[in-house]
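Subject: Structure for you to look over

Dear colleague,

I am handing over a structure that you have not worked with before, and I would be grateful if you could read the notes below with the model open beside them.

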Amino acid sequence: MCIGTSVVTMGGMPVPLLADPVVARPVLARLPVYRPGRRASGPGTGALASNESHFGPLPAVLDAVLAEAAHVNRYPDAAATDLRAAIAARTGTVPEQVSVGTGSVAVLAQVLAAYCDPGDEVVYAWRSFEAYPILVDLAGATAVEVPLTVDARHDLSAMAAAVTARTKVMFVCTPNNPTGTQLTHAELAELLTHVPSHVLVVVDEAYLEFATGPSRVDTVALLDAHPNLCTLRTFSKAYGLAGLRVGYALAAPPVAEALRRVAIPFGVSAPAQAAARASLAATSELTERVDAVVRERARMLRAARDLGWELPDSQANFLWLPTPTGLHERLVGEFDAADLLVRPFAGEGVRVTVADPATNDRVLAVLRRIADAPEPAS
Ligand SMILES: *Cc1c(COP(=O)(O)O)cnc(C)c1O
């Protein structure tokens, strides 16, 4: 803004001439308006819209949070030393390879803050995680969206071909939100041979723990050979800590160092750090919970397909119900009527979190109703 148009100088002191309003950056007008999602309003409401864990915190995790709550007059450990050490020990890396943030969404923002200047390009598949276009736009970078294949998977050769000299970052989401499809290890390894070394390949593994398909990606095994590789993980989904906000990146030390440099200071609270550590120490209980979700996912997939629904083989804790024209509004309406909160993507499909068996049965009942009467009775 040109100051000269609105300010006169009186004895060296600027005086506002007109009451210019403060003006937010134009990018804000392009961001989706936050619609307060309907919260689960009662015990009968199925909260299936955000891929949260339906299990409450483990007792050991709750204890860790409560113990730290007594000290919240103090700042947390800004370096998250113990948590980074625990993550490194668990993943077979070293703490210098770890950067933590308030959810892996915050770590995604670290990636963009560290690597993208305005006009730099970020390549990712679409449809994928809704946060990607928002964060890229906010960073002033340019999104390059590469359509999924017809079977709702990443089109890796098209993504590699979309890289230019301006490309700084590529996001790869596996299993992909919202379609649930996953890459194989061989596919990721091959992609890395085609992407130039100046591009940081960020593998978003928010649903890693739920992936049971053959040859699932082992990103850590590729880190040493690929200094331009970074993986993002979260405690929000399988670990059931969505409300505490902890996620992390694993990468080569210089990349992780760059991410830590741009991180919001003291972002991850002490109760959150403690909860994440306690969760890493409770692997067997958490594995049982993940196994229960995976079993339910298989049961739902089978049942839905038996009803005639065509849906991809989800490797995450949700199902993707593609909705051909005409079906979308009907399906969304039926879920609404059944008091099930799900995530609709207009004209494309509906994402439904896998929860406890009783709630999942209510989802299947909706799918059955539509299969039994494809046209709404009028
Ligand atoms: C849920 C999710 C995340 C992480 O969310 P946080 O709660 O910020 O850790 C990241 N990526 C994808 C694809 C997700 O679905």
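I begin with the second largest cavity, whose lining has, by class, 8 nonpolar, 4 polar and 1 charged residues; here Ala, Val, Leu, Ile, Met, Phe, Trp, Tyr, Cys and Pro count as nonpolar, Asp, Glu, Lys and Arg as charged, and the others, Gly among them, as polar. Please keep in mind that this is a predicted model, in which local features need pLDDT of at least 70 and side-chain atom pairs count only at pLDDT 80 or more, while totals for chains, interfaces and linings use all residues. Residues are numbered from 1 along each chain as its sequence is written, and side-chain values use heavy atoms, with hydrogens and water left out.

Cavities

The second largest cavity has a volume of about 60 Å³, and of the 13 residues that line this cavity, the closest to its centre are Gly-56, Tyr-239, Gly-240, Leu-286 and Arg-289. A cavity is a set of points, on a 1 Å grid over the protein atoms alone, where a 1.4 Å probe fits but cannot get out, whereas a pocket is an open set with protein on both sides within 12 Å along at least five of seven lines; lining residues have an atom within 4 Å of a point. Grid points are joined across faces, edges and corners, and a volume is the space filled by probe spheres set on the points.

A search of the whole structure finds 3 cavities of 30 Å³ or more, and the largest cavity has a volume of about 80 Å³. Its lining consists of 13 residues, with Ser-53, Phe-55, Phe-210, Lys-237 and Val-293 nearest the centre, and by class the lining divides into 6 nonpolar, 4 polar and 3 charged residues. Helix H11 gives the most to this lining, with 3 residues; helices (H or I, at least four residues) and strands (E, at least two) are DSSP runs, numbered from the N terminus.

The second largest pocket

The second largest pocket has a volume of about 420 Å³, and of its 17 lining residues, Arg-90, Leu-208, Glu-209, Arg-216 and Tyr-239 are the closest to its centre. Helix H3 (81-91) and helix H11 (283-306) are the elements that give two or more residues to this lining, and H11 gives the most, with 5 residues. The classes here are 8 nonpolar, 3 polar and 6 charged residues.

The sheets and a helix pair

An open sheet of 7 strands runs in the order E4-E10-E9-E8-E7-E5-E6, with mixed pairing; two strands pair if DSSP finds at least two bridges between them. Strand E4 (98-101) and strand E6 (142-147) are the edge strands, each pairing on one side only. Within this sheet, strand E8 (residues 200-204) and strand E9 (residues 229-234) pair in the parallel sense over 4 bridges, and Val-202 has Cys-230 in E9 as its bridge partner.

Helix H4 lies across E4, strand E5 (121-126), E7, E8, E9 and strand E10 (247-251), running at about 120° to E4; axes are lines fitted to C-alpha atoms, for helices over the stretch in contact, and angles run from 0 to 180 degrees between N-to-C directions. The axes of H4 (residues 104-115) and helix H9 (residues 253-262) come within 8 Å and cross at roughly 100°. That makes H4 roughly perpendicular to H9, a term for angles of 65 to 115 degrees, with those under 35 counted as roughly parallel, those over 145 as roughly antiparallel and the rest as oblique. Among the residues that meet are Val-107 and Val-111 in H4 and Ala-258 and Leu-259 in H9, where contact means heavy atoms within 4.5 Å. By class, the contact of H4 with H9 has 10 nonpolar, 1 polar and no charged residues.

A second open sheet, of 3 strands, has the order E11-E14-E13 with antiparallel pairing. Strand E11 (318-322) and strand E13 (343-345) stand at its edges with a single partner strand each, so one side of each is left without a neighbour in the sheet. E13 is joined to strand E14 (residues 349-353) by 3 bridges, and Arg-343 stands opposite Arg-351 in E14.

Backbone details

The peptide bond from Thr-174 to Pro-175 is cis, with omega near -10°, and another cis peptide bond joins Asn-177 and Pro-178, with omega about 15°. Pro-175 is found in the loop between strand E7 (167-173) and helix H7 (185-194), and Pro-178 is placed in the loop between E7 and H7 as well.

With best wishes
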